[in-house]
Amino acid sequence: MELPGYRFEPLVLALVALAALPVVNVSNPQDGTRYELTRHLVLHHSLTVEPTLFDRSVYGGRTYSDKAPGVSFLAVPAYMVERAAGAARAPRGWEREGDLSLWGIRLATSGLLFLGTVFLLGRAAERLVTGTGAATAAVFGTATLAAPLAPTLFEQDAAAFWAFAGFLLAWRQRGPWRLALAGLALGIGVLFDYAVGLAVLAVGAYAAVGAGRRAGWLLLGLVPPALALGAYDRAAFGSPFHLSYRYVANRYAEGQHRGFFGIGVPTLDGLRDVLFVDRGLLVLSPVLAAAALGLWLMWRRGYGGEAAVAAVVTVGFVVADAGYFLPYGGNSPGARFAATALPFLLLGLPFALLRFPRGTLALAAVSIVLTIGDALTWGLRREDDRWYPGRGTSDLAKTVWVWLGVNRLVGAAVVFLCAGAALAVGAQRLYRTALP
């Protein structure tokens with residue numbers, strides 16, 4: 001798929017970055033287990049981690065990270081830079097209310113790939129419906145769960161980049177090298193989030209229908225990441241077929257060992273949690289309803305196969321999250337296990353913007369307020385808080401502007417203004433280019 005740029009693209013990317021990335025959340029167990037694997041790789045050339053970590057796997061009397069290894073390996077260069085600069089430190093040395101060194105590692109991993117997805121999605125939208133690229137990039141980057149996840153070490157934004165890139169590479173392609181690169185990108189996505197296997201199946205079926213026997217090149221591209229994951233699992237857990245989740249050893253171990261690594265039969269209560277209550281996807285981002293309608297419009301506009309892949313991936317991740325014993329994955333900004341599918345779902349947004357511009361933009365504006373509000377407060381809430389308890393501005397997360405002498409309230413205002421400005425630029429391009 002060719003990906004043309006659009007006017008004001010650098011401005012939109014900059015505004016999205018200023019809206020999503022400045023939040024400096026307090027550390028959480030996800031940070032600890034991933035960062036410690038990075039630190040031990042560099043300092044000790046070892047896959048083991050500290051036995052005192054909450055999120056951990058135990059095998060053969062040794063402690064390992066219980067997460068997919070992609071984020072930890074990606075963080076190695078950033079950690080080495082911080083170590084050379086004297087800024088790197090062990091988790092026990094982090095500032096309690098948000099550590100600048102940890103924030104830098106987050107930006108170099110999840111944050112960087114989040115911006116990569118904003119870039120790809122904006123250009124894909126511009127290719128599908130001229131004039132919608134800026135608005136689609138702004139909505140994804142400021143009005144969906146991808147934004148609160150960006151300045152974290154959660155794996156979903158990073159995995160989404162690779163899965164979505166793989167899909168775009170496979171888009172109506174029959175050339176062997178593009179298909180091989182698509183498989184490589186999808187396979188790398190699995191290294192970040194095992195659930196990307198759902199996208200591998202969907203895109204693989206799409207390629208088989210469109211390219212026939214040449215789809216075998218996509219499978220060939222999957223081989224290097226599969227070998228890498230197998231080598232990691234063999235070194236850590238004794239077999240290339242034993243994933244880290246098999247050996248989880250924390251208070252969630254019992255739930256994790258039920259069903260397929262914690263995923264059982266989806267329930268109505270689970271679906272309600274993922275979509276309709278608390279920090280559900282549609283609660284924080286009602287604009288996603290317009291994007292879902294847009295996938296149907298996309299189908300009618302001659303993109304049947306592509307719309308089907310996007311819908312299957314989206315439904316697959318939502319259903320899997322609804323069947324998981326812990327839909328939000330502990331303390332997090334929302335139903336994060338479904339967030340990997342968001343760029344697929346947002347492929348419908350250009351068509352919704354073209355057909356229902358005012359309604360879709362209104363939903364986007366509401367989604368920005370709710371999403372940015374969540375981004376600024378989720379890290380300081382208890383895991384069982386149903387919503388922001390409203391105890392004053394001290395419950396707002398730090399932003400990087402704090403180190404420049406700006407208080408938290410002003411920092412939050414800057415984040416909101418940048419998010420609104422990104423959408424305003426997108427709306428201006430929509431009304432000047434697409435609607436006439």
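This section describes the pockets and the aromatic ring pairs of a predicted model.

At least two lining residues come from each of α2 (29–44), α9 (176–192), α10 (197–211), α11 (216–237) and α16 (304–323). The greatest contribution to this lining is made by α16, which supplies five residues. Classified by residue type, the lining of the largest pocket contains 27 nonpolar, 10 polar and 10 charged residues.

For the second largest pocket, the space amounts to about 270 Å³. It is lined by 16 residues, with Leu-275, Ala-292, Thr-314, Val-318 and Leu-345 lying nearest the centre. Two or more lining residues are given by each of α13 (268–275), α14 (281–284), α15 (287–300), α16 and α17 (342–345). The lining of this second pocket consists of 15 nonpolar residues and one polar residue, with no charged residue.

Aromatic pairs number 21 in the model. One of them, formed by Phe-114 and Phe-140, is stacked, with a centre-to-centre distance of 6.1 Å and an angle of 25 degrees between the planes. Phe-114 belongs to helix α5 (residues 100–128) and Phe-140 to helix α6 (residues 133–143), so the pair ties together parts 26 residues apart in sequence. Both Phe-114 and Phe-140 are buried. A tilted pair is formed by Phe-167 and Trp-171, at 5.3 Å centre to centre and 45 degrees between the planes; these two residues are likewise buried. Phe-167 and Trp-171 also belong to a cluster linked by ring pairs, together with Phe-164, Tyr-206, Tyr-303, Phe-344 and Phe-351.

Key:
Residues numbered from 1 in each chain as written. Predicted model: local features only at pLDDT ≥ 70, side-chain atom pairs only at ≥ 80, totals over all residues. Heavy atoms only, no water. Helix = DSSP H or I, 4+ residues; strand = E, 2+ residues; numbered from the N terminus. Nonpolar A, V, L, I, M, F, W, Y, C, P; charged D, E, K, R; others polar. 1 Å grid on protein atoms, 1.4 Å probe; cavity = no way out; pocket = protein on both sides within 12 Å on 5 of 7 lines; lining within 4 Å. Points joined across faces, edges and corners; volume = space filled by probe spheres on them. Phe/Tyr/Trp six-rings, centres within 6.5 Å; stacked < 30°, edge-to-face > 60°. Buried < 20%, exposed > 50% of the residue type's maximum accessible area, 1.4 Å probe, protein only.
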